[in-house]
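Keep the model open beside you as you read.

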Amino acid sequence: MFVLPLSATELLDAASICRGSGVPDKGIYLATLGMTEQSFEACAALPIGTRDASILALRQAMFGDRIELSATCPQCAARLDVATTATALLAIERATDSPSCDVTIDGRRFDVRPINSIDLAAIGQIPDAEEARIELARRCLVPPEGEEPPILLEAADVDAIGAVIARIDPAGDPYAMLRCAECACEWDAPIDIANVLAREIEGAAEALLDEIHLLAQAYHWSEGAILALGQDRRRAYLARLQQ
Ligand SMILES: [Zn+2]
């Protein structure tokens, strides 16, 4: 996937939209920036792994391959710095257009489809984590034509559906295997690439606004004129202001 980095104007717009968006709208929006031919609605219906591949490609184009993350040890609360790469995350297998995998519940066979952003938005309204997990599993069950999904799911059914989802879209829930140097605790930390890129875009937009502010104050140029200069010329004028 070839993705161009955002221009300075697009970066400022993207930062405003990210700040004003909740999960998962932020992720859908960032995916549309990498897949300009896809509508917001089309991106919302993509398997999460496919959506996040677009976000990773944009992340790579804008900020490079290396991704720095920090985590907190669940046992002793020590802070850990972790690094991964967009290349490594993009290498995780993604769901195909029509992944076919099934589970058997009460003797009935159901297809299972990958999770998409519409599912995440729907379960985001459910305060109880276990109930949300059950609802997510129920949503991903595809009953045979003309049949209804089961009303009640046993814990074992939810686990079985979760295992199929992890198999058909492993890139939908990437994680880093971490080991705490302080207490030797080992755990899998989820990697939320949409959140990572949103934070970086917001940080880069803040830095750009600082540059615009200083140049506007010194030279009385408009925001549009300062953005049109390009990064090298902005930096050259800023360096002169500091002489
Ligand atoms: Zn620890």
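Which residues line the largest cavity? They are Asp52, Leu56, Leu89, Ile92, Arg94, Ala171, Pro174 and Ile193. Before going further, a word on what you are looking at: this is a predicted model, where local features need pLDDT of at least 70, side-chain atom pairs count only at pLDDT 80 or more, and totals for chains, interfaces and linings use all residues. Residues are numbered from 1 along each chain as its sequence is written, and side-chain values use heavy atoms, with hydrogens and water left out.

Back to that cavity. On a 1 Å grid over the protein atoms alone, a cavity is a set of points where a 1.4 Å probe fits but cannot get out, while a pocket is an open set with protein on both sides within 12 Å along at least five of seven lines; lining residues have an atom within 4 Å of a point. (Volume here is the space filled by probe spheres set on the points, with grid points joined across faces, edges and corners.) Six of its lining residues are nonpolar, none polar and two charged; Ala, Val, Leu, Ile, Met, Phe, Trp, Tyr, Cys and Pro count as nonpolar, Asp, Glu, Lys and Arg as charged, and the others, Gly among them, as polar.

Now for the open space. The largest pocket comes in at about 810 Å³. Its lining has 31 residues, and Ile48, Ile115, Leu120, Gly172 and Asp173 are the ones nearest its centre. By class, that makes 19 nonpolar, five polar and seven charged residues. Helix 8 gives the largest share, five residues (helices are DSSP runs of H or I, at least four residues, and strands runs of E, at least two, numbered from the N terminus). Where does the pocket sit relative to the domains? Domain 1 (8-92 + 182-204) and domain 2 (101-168) both give residues to its lining, so the pocket lies between them. Those bounds come from an automatic or database domain assignment. The C-alpha centres of these two domains are 25 Å apart, and their contact (heavy atoms within 4.5 Å) takes nine residues from domain 1 and seven residues from domain 2.

Next, the packed parts. Take Leu30: beyond its neighbours within four places in sequence, Leu30 touches Cys18, Ile55, Leu58, Ala194, Leu197, Ala198 and Ile201.

One more stop is Thr32, in helix 2. Is Thr32 buried or exposed? Buried, with a relative accessible area of 14%, where buried means under 20%, exposed over 50% and partly exposed in between (1.4 Å probe, protein chains only). Setting aside neighbours within four places in sequence, Thr32 is in contact with Gln38, Ser39, Phe40 and Cys43.

Finally, step back. The protein has 11 helices and seven strands, and 41% of its 243 residues count as buried.
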